[in-house]
Amino acid sequence: MSELIFVTSDSCELCRKGFKKLKIFGYFMKIKPVNVEDGYQEYFLRIPVLLKNNKVIDEGIFSRIKILKKLLF
């Protein structure tokens with residue numbers, strides 16, 4: 001099963017909203033939330049960030065369509 005890494009922060013409202021949009025992908029892939037301070041500091045000003053194989057899939061305000069396109073192609 002593929003894994004998506006969801007880079008987040010404790011006090012990020014945009015991250016909470018983004019995670020809600022990702023729930024649908026949880027049926028097909030494992031979503032691993034990680035704190036930006038746990039080795040992902042390079043994304044500090046860009047959170048929330050969604051990664052797959054260390055490649056940015058989406059960031060900021062998530063779009064399910066954009067995520068789906070990048071996962072399929």
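Predicted model: local features only at pLDDT ≥ 70, side-chain atom pairs only at ≥ 80, totals over all residues.
Let me begin with helix α2, which lies across β1, β3 and β4 and runs at about 165° to β4; contact here means heavy atoms within 4.5 Å, and the angles, on a scale from 0 to 180 degrees, are taken between N-to-C directions of axes, lines fitted to C-alpha atoms, for helices over the stretch in contact. Residues are numbered from 1 along each chain as its sequence is written, and side-chain values use heavy atoms, with hydrogens and water left out.

The other helix to mention is α1, which lies across β1, β2 and β3 and runs at about 165° to β1. Helices (H or I, at least four residues) and strands (E, at least two) are DSSP runs, numbered from the N terminus.

Now the sheet itself. Four strands form an open sheet in the order β2-β1-β3-β4, with mixed pairing, where two strands pair if DSSP finds at least two bridges between them. The edge strands are β2, residues 30-35, and β4, each of which pairs on one side only. On average, neighbouring strands of this sheet are turned by 30° against each other, direction ignored.

Within the sheet, β1 and β3 pair in the antiparallel sense over three bridges, and V7 stands opposite V49 in β3. On the β4 side, V49 has E59 as its bridge partner. Strand β3 (residues 49-52) and strand β4 (residues 55-59) also run antiparallel, joined by four bridges, and in their hairpin, which has two residues between the strands, N53 takes a positive phi near 55°.

Let me turn to the aromatic rings. A search of the whole structure finds two aromatic pairs; rings of Phe, Tyr and Trp (its six-membered ring) pair if their centres lie within 6.5 Å, and planes under 30 degrees apart count as stacked, over 60 as edge-to-face and the rest as tilted. F6 and F19 form a tilted pair, 5.3 Å centre to centre with 45° between the planes. Because F6 lies in strand β1 (residues 3-8) and F19 in helix α1 (residues 13-22), this pair ties together parts that are 13 residues apart in sequence. F6 counts as buried at 2% relative accessibility, whereas F19, at 30%, counts as partly exposed; buried means under 20% relative accessible area, exposed over 50%, and partly exposed in between, with a 1.4 Å probe and protein chains only.

F6 also forms an edge-to-face pair with F62, 5.9 Å centre to centre and with 75° between the planes. Since F6 lies in strand β1 and F62 in the loop between β4 and α2 (64-72), the pair ties together parts that are 56 residues apart in sequence. F62 counts as buried, at 3% relative accessibility.

What do we find for disulfides, if a disulfide is a pair of cysteine sulfur atoms within 2.5 Å? By this rule the count comes to one, formed by C12 and C15, with their sulfur atoms 2.4 Å apart. The torsion about the S-S bond of C12 and C15 is about 80°, so the disulfide is right-handed. As for burial, C12 is buried with a relative accessible area of 11%, and C15 is buried with a relative accessible area of 2%.

Notes
Disulfide = S-S within 2.5 Å.
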